[in-house]
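Please look over the sequence and the model shown here. A short report on the fold follows.

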Amino acid sequence: MPDTAPAHHPHLLCVVAARPNLMKMAPILAALARLRPAVEVSLVHTGQHDDAAMDARLFGALGLAPPQLNLAVGPASHAQQTAEVMRRFEPALRRLAPQAVLLVGDANSALACALVAAKLGVPVLHVEAGLRSYDRRMPEEINRVLTDQLSELLFTSEPVALNNLLLEGIAANRVHFVGNVMIDTLLAQLPRAVPTPTVLARGGRRDLLAPGQRYALLTLQRPANVDHPARLRKLMAAVRKISQQLPVIFPVDPHTRARLTEGGLLPPPDSPGVACLPPADYLEMLGLMRDASVVLTDSGGVQEETTALGVPCLTLRDNTERPITVSEGSNTLAGHDPAVILALCEDILRHGGKTGHPPALWDGQAAGRIAGVVGAWLQRRDAHAR
């Protein structure tokens, strides 16, 4: 009688937490599904951002199957959120018993899950490793450094990340330069981007732009900006000045909206120069970024996406953990001074601004490279264990 026992496949647990994680994880899951020999993959969502409707739309847009488990942690302070993810993730990890845990990005959930996995002896694989702003006041910087220290395999999106990791004592043979997986999703989804007039109509502001009129896109959500009233006031003063020359489209994060409202800084709904819209989904944001004359942001992901699109970007921070977007891409560090931001914006309007070029391996194939390394590593470990 032939052996009819089911085939054994190594088990990989993938974790997502915040919306940018989904854009990074979608192509990785697709690439893992194509591996032969096969790898069993489970997806856990920590629910760090409590927006089920937005998540559902994004899962649908990216063609993702629902996660096997949602921890439904929700928003909280950094310490509370990290602790709650750990508390809920530990029993899930014990029950699912994977051979490794794959994490993306720098959210609180990444560090929390890395801590739990490391303490249980489960190897951690970190995508987007080695990015550093060298600003320890940023909670995300703490998450990056500690998650990398706990990781067995580290996948980097730009060459300087290896140097950062070597300086922190991480062996070079654990580091793999694979490119930027966020760009895999951007290139795949760009043909489906929602046109800007459609986004404005959905937000009730079709009046903002005349046909063919140029505009600026603003995103603002970093706690270092929105939770500091004086800094937020300065940034909104810059936005008001820019809006006198160029309409500004501003999809407003709920936390940011609350801080703006508290400070009396939220532009009125019928402002002639600023359209404050509900949060945009991924395909809406793609269209808004693609067609903008300039993007003003404090988001790391937007710095990468505008570089891939060749759209001038002004980062409303004094530093960036993604320096390649400045050295090779379309990004400029603008800081927080309204006069500097306005001058940079005016220069872009006069001369077109930086467009840069896509960095090495930002080619839409990063997920395949990640899956190849992970699959081979899991098979070696599985064979050794048996």
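**Basis**

This is a predicted model: local features need pLDDT of at least 70, side-chain atom pairs count only at pLDDT 80 or more, and totals for chains, interfaces and linings use all residues. Residues are numbered from 1 along each chain as its sequence is written, and side-chain values use heavy atoms, with hydrogens and water left out.

**Overall figures**

The protein has 16 helices and 13 strands. These are DSSP runs, numbered from the N terminus: helices are H or I with at least four residues, strands are E with at least two. A compact globule of 386 residues would have a radius of gyration near 21 Å, and the protein agrees with 21 Å. That radius is taken over C-alpha atoms, and the globule rule is 2.2 Å times the number of residues to the power 0.38. The C-alpha trace spans about 80 × 40 × 40 Å along its principal axes.

Of the 386 residues, 55% count as buried. Buried means under 20% relative accessible area, exposed over 50%, and partly exposed in between, with a 1.4 Å probe and protein chains only. Among contacts with a separation of 6 or more, 69% come from residues 24 or more positions apart. Contact means heavy atoms within 4.5 Å.

**The parallel sheet**

Seven strands form an open sheet in the order E3-E2-E1-E4-E5-E6-E7, with parallel pairing. Strand E3 (69–70) and strand E7 (175–177) stand at the edges with a single partner strand each, so one side of each is left without a neighbour in the sheet. Two strands pair if DSSP finds at least two bridges between them. Some of the pairings are listed below.

| Strands | Bridges | Example of partners |
|---|---|---|
| E1 (residues 11–16) and E4 | Four | Leu12 and Ala100 |
| E4 and E5 (residues 124–127) | Four | Leu102 and Leu125 |
| E6 (residues 153–156) and E7 | Three | Phe155 and His176 |

How many residues of strand E4 (residues 100–104) are buried? Five of its five residues are buried. Ala100, Leu102 and Val104 point one way, while Val101 and Leu103 point the other way. In a regular strand the side chains alternate between the two faces of the sheet.

**A helix beside the sheet**

Helix H5 covers residues 139–149. Its buried residues are Glu140, Glu141, Asn143, Arg144, Val145, Thr147 and Asp148. They pack against strands E4, E5 and E6. They also pack against helix H4 (108–119), helix H6 (160–167) and helix H9 (223–226).

**Single residues**

His45 sits in strand E2 (residues 40–45). His45 is buried, at 2% relative accessible area. Neighbours within four places in sequence aside, the contacts of His45 include Val16, Asp55, Phe59, Pro67 and Asn70.

The peptide bond from Arg36 to Pro37 is cis, with omega near 0 degrees. Pro37 lies in the loop between helix H1 (19–33) and E2.

Two residues other than glycine have positive phi. Phi of Ala97 is near 50 degrees. Ala97 is in the loop between helix H3 (78–96) and E4, and counts as partly exposed at 45% relative accessibility. Phi of Glu128 is near 80 degrees. Glu128 is in the loop between E5 and H5, and counts as buried at 9%.
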